[in-house]
Amino acid sequence: MKKTTLAYLKKDDKFLLIHKNKKDDENKNKYLGIGGKCFFNESIVECLKREVKEESNFEIENYKFLGKINFYYNNELEIIYLYLVDKFSGELKKECDEGSLNFYSKTEIKKLKMWESDKYFINYVLKGKEFKELEIRYENSVLVEVKHNEKIIYSFSEEICKKLMKKNKDNEIPIRAIVVYKNKIISSSTNLKESKNNCLYHAEMIVINKALKKLKNKYLEECDLYVNLEPCMMCAGAIIQSRIKNLYFISKNSKAGFAISNFNIEENKAVHHKIKVHQVSKYNHTNSKLLKDFFKNKR
Ligand SMILES: [Zn+2]
């Protein structure tokens, strides 16, 4: 596990940032505070002072600890100690090995290209407020989860679920499914039973077929399927056969659902391939209303 420090130096309401333009890495072209990896035998504060000196040439005179960030990048943990430095001396070195340095105002900072997750702490930096602890997770270079003091404040799967709840044109029931591969949407569809005049055109069946074609594969072992209503018997069968890794759904279907209600995909011994089932209940209310309204209007 890597320990690093990250410091934002403040002067006349402006903040010092590095524009990373040298290295061809994950940070390329992004704007960041100043910092780096702690050496063995070095304390966090020693690292903070050394990094600031090395990169900007400033000597730290006063600093405030804002919080700790547990930063997971593709399962590798880096602990970032975040500081606001409000008093320092020396002459700024405009260029360093990592990029060019400049002071930016708060309005400018909000327009700069940063890591997507930086928005969860940058306001604390600008206000000089402590946030205690953040947990940030990236998978396949995509931000998947942010927790602030153990409470989830951003979740990739919840964002996908939000996309499922849309009204449909025509007579089509508002059921929508999405297949995600390596944190990217590769297929998405609504039910097409009415427009295709075919009872097999459930959203899940369509997205599974599309995803198989797209990946040119027999199975979807590395894929997750999202749907707003618990799948029926046919779709549960297709999910099992296609070896979907994770199934996410919003609302339970106690009458006809075959993921947990009338059949348990995770526990049933007839299912040889392990599929994890997740109910994202956060949107259950909104989703149930969407479905109820559809049937109410139909009658
Ligand atoms: Zn179905």
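Modeller: Buried means 20 or more other C-beta atoms, placed from the backbone, within 10 Å of a residue's own. This is a predicted model, where local features need pLDDT of at least 70, side-chain atom pairs count only at pLDDT 80 or more, and totals for chains, interfaces and linings use all residues. Residues are numbered from 1 along each chain as its sequence is written.

Colleague: Which residues of α7 are buried?

Modeller: Cys235, Ala236, Ala238, Ile239 and Ile240. Helices here are DSSP runs of H or I with at least four residues, and strands are E runs of at least two, numbered from the N terminus.

Colleague: How do α6 and α7 pack?

Modeller: Helix α6 (residues 203–215) and helix α7 (residues 233–241) pack at an angle of about 20°, with axes 9 Å apart. They are therefore roughly parallel, a label for angles under 35 degrees.

Colleague: Which residues make that contact?

Modeller: Glu204, Met205 and Ile208 from α6, with Cys235, Ala238 and Ile239 from α7; contact means C-beta atoms, placed from the backbone, within 7 Å.

Colleague: On to the strands. Which way do β14 and β15 pair, parallel or antiparallel?

Modeller: Strand β14 (residues 223–229) pairs with β15 in the parallel sense, over five bridges; DSSP has to find at least two bridges for a pair. Leucine 225 stands opposite leucine 247 in β15.

Colleague: And how many residues of β15 are buried?

Modeller: Five of its six, so strand β15 (residues 246–251) is mostly covered.

Conventions
Axes fitted to C-alpha atoms, helices over the stretch in contact; angles between N-to-C directions. Parallel < 35°, antiparallel > 145°, perpendicular 65-115°, else oblique. Contact = placed C-beta atoms within 7 Å. Buried ≥ 20, exposed ≤ 12 C-beta atoms within 10 Å, placed from the backbone.
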